[in-house]
Amino acid sequence: MAPVEHDALAVREQLFHERVRECIICALLFASLYILCHFIITHFKKQTDFAAVHDDEDAAVNRIALGMCTFTLAVALGAVLLLPFSIISNEVLLSFPHNYYIQWLNGSLIHGLWNLVFLFSNMSLVFLMPFAYFFTESEGFAGSKKGIMARVYETSVVLLLLTLLVLGMVWVASAIVGNNAASRQSLYDLWEYYLPYLYSCISLFGVLLLLLCTPFGLSTMFTVTGKLLVKPRLLEDLDEQLSCTRFEEAAVSRRIASGKTSCWLNLNVGLLREQLLAIQSKRWKLERRHRASPWQRNLGYPLAMLGLLALTGISVLIVCFHVLELLLDDAAMPRGIQDAPLGQVSFSIFGTFGAALQVVLIFYLMLSSVVGFYSSPLFTRLLPERQDTPLTKIIGNCVSLLVLSSALPVFSRTLGITRFDLLGDFGRFNWLGNFYIVFLYNMGFAALTTLCLVKKVTWAVQEELLRAFGLHKLPLPVPRSRPLGERC
C-alpha cells in the first residue's frame, strides 16, 4: 500500500474511532441523566396512576407516558448542564493541553452535545409531550376495537391536526411579517425554516419567562433562607421568651380542659384551640432556635444571606457592564458560531476563577428562576407533591422545566453572564440579532433584580430593627374616617 493511501486510511480510522467514542460518551451521559430523572419522577408520581397489573390498559398507557416524561426531563437537565459543561471543558483543556486522558474532550464532542440537546428539545416540545398528554386522555375512536393501538391512532390523528394548525398559523404569521420573495420561498422549507422559527418563538417565550421568574425567585430565596435557617436576633433573651410561651401554652390548655369538664363556663373552645396551635407553633420555633449552636445561630444565616447578596450583586454588575458593552461594541451581541474553539482562550478575563464564577452564576440563576416559577401565583398549582402528583401535572412540569432550561444558554449569553458563544442552532434565533430586544432585555433584568434586592433587604433590615427595639409592639394610629368637626 502506498504511503499516501496508508495515511488516508489512518485518518479515516481515526475519524471513525472518534465518532464511535463521541456516540458512546453521549449515550452514557444521557443514560445517567435518564436514570436520575426516572428516580425523581418516581418520587413525585401518584401511585394510583401506575397500577401493578401488567394487563391493565390504563397502566400500560401511563407507563408509556411516564417514559416520555422521563426522556423530556432528562433533556431539560441536559440543557441546564450544557453551558457549564462547555465552560468547564474549555478550562480543563487550557490547564492540561497535552494530557492524553482528556483528548476525548474536544470541540466536536461539545458541538455534538449542543446539536443533540437542540434536536431532543424540539422533539420533546413538538411531539413527545403533546403525544403523551393526548395519549393519556384518549379512549379510541367510537366503534373501533378497544386497546392500545386504538388510542395510538386517535392520538396520532389529533396530533396531526394540531401540527397542521400550528404550521398554518406560523405560515400566515411569516407571510404577514416578511412580505418579499425570499420569505415566500422559505415558507416551503419545513426543516430549515419552520422548526427553527417555531423553536425561536418558544425560546423567546422561555427567555421572557426567565426574565420575569428570576427576580421574583431571588426575592423568594431570601425569604426561604430566613425560614430554613436560624436567624440571629438582637437584644433578645431566648430563655425568657421560651418560659413565657410555655406558661401561656399551659394556661390555654387548662382553660380548654376546664371548658370541657364544666358546664358553667361559657368558653369558645374552637377559638382557644386555634390560639393553642399558634402558641405551640411559636414554642417549636423558639425551641428550634434554642437548640441551635451559637455558630449556627450567629454565622449560618448571615453567611447564607451574604452569599445570596454577593451572587445577586455580581449578576447585576455583570449585566450593567454588558449594557455598556452593547452601547460601545457590536461584538457584545449574542451570536452563534459553527466551530467551537475549545482549549485556545479562556472565556473570562479572570481565568479559571472567572469561569468557575460563571458556572456558579448560571446554576444560581436557573435555581432562582425555578423557585420564582413555582412561587408565582399563575404556576403554583403545578408544584409537584411527593407521591401525590397526577400524570397530567407531571407532563405540565416537564414541559415548563424544558422551556426554562432550553432557554438558559440563550438567557446567559444574552445577559453577558458568560462569553461562551452559542453553538449549533441555538445561535440561529432571529431575535438575537435585534439590538433593541437584547438591550431592553438587559435593562429589564438589571432594573427588576435591583428593585427586588433593595426592597427585600431594606424591609428585612427595617423589620429587624423595629423588632429589636420593641417598636413593633406599639399600637398603630387609627386613621379617622371623617374630620373632627363633622357630625355623624
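A disulfide is a pair of cysteine sulfur atoms within 2.5 Å. In this predicted model, the sulfur of Cys 26 has its closest cysteine sulfur in Cys 23, at 6.7 Å, which is too far for a bond. A search of the whole structure finds zero disulfides.

**Model confidence**

- The average pLDDT of the protein is 77, and 74% of the residues score at least 70.
- Residues 478-488 have a pLDDT below 50, and this stretch makes one contact in the model beyond near neighbours in sequence.

- Cys 23 is partly exposed, with a relative accessible area of 48%.
- Cys 26 is buried, at a relative accessible area of 15%, because the cut-off for buried is under 20%.

**The second largest pocket**

- The volume of the second largest pocket is about 660 Å³.
- Its lining consists of 27 residues. Those nearest the centre of the pocket are Ile 40, Leu 73, Val 370, Tyr 374 and Leu 401.
- Two or more lining residues come from each of the helices α1 (3-44), α2 (57-95), α6 (190-228), α10 (352-375) and α11 (391-406).
- Helix α10 gives the most to this lining, with seven residues.
- By class, the pocket lining holds 21 nonpolar and six polar residues, and no charged ones.

**The largest cavity**

- One cavity of 30 Å³ or more turns up in a search of the whole structure.
- Pro 215, Leu 218, Ser 219, Phe 222, Thr 312, Thr 449, Cys 452 and Leu 453 line the largest cavity.
- The elements giving two or more residues to this lining are α6 and α13 (435-468). The most come from α6, with four residues.
- The cavity lining divides into five nonpolar and three polar residues, with no charged residue.

**Phe 120**

- Helix α3 (residues 107-137) contains Phe 120.
- Phe 120 has a relative accessible area of 22% and is partly exposed. The reason it is not classed as buried is that buried means under 20%, whereas Phe 120 is at 22%.
- Apart from neighbours within four places in sequence, Phe 120 is in contact with Phe 71 and Val 75.
- Ala 79 is 41 residues away from Phe 120 along the chain, and the C-alpha atoms of the two are separated by 9.9 Å.

**Arg 413**

- Arg 413 sits in helix α12 (residues 408-415).
- With a relative accessible area of 3%, Arg 413 is buried, since that class covers values under 20%.
- Leaving out residues up to four places away in sequence, Arg 413 touches His 322, Ala 331, Ala 332, Met 333 and Pro 334, and also Thr 418, Arg 419, Phe 420, Asp 421 and Leu 422.

Notes:
Residues are numbered from 1 along each chain as its sequence is written. This is a predicted model: local features need pLDDT of at least 70, side-chain atom pairs count only at pLDDT 80 or more; totals for chains, interfaces and linings use all residues. Side-chain values use heavy atoms; hydrogens and water are left out. On a 1 Å grid over the protein atoms alone, a cavity is a set of points where a 1.4 Å probe fits but cannot get out, and a pocket is an open set with protein on both sides within 12 Å along at least five of seven lines; lining residues have an atom within 4 Å of a point. Grid points are joined across faces, edges and corners, and a volume is the space filled by probe spheres set on the points. Ala, Val, Leu, Ile, Met, Phe, Trp, Tyr, Cys and Pro count as nonpolar, Asp, Glu, Lys and Arg as charged, and the others, Gly among them, as polar. pLDDT is the predictor's confidence in each residue, from 0 to 100. Contact means heavy atoms within 4.5 Å. Buried means under 20% relative accessible area, exposed over 50%, partly exposed in between (1.4 Å probe, protein chains only).
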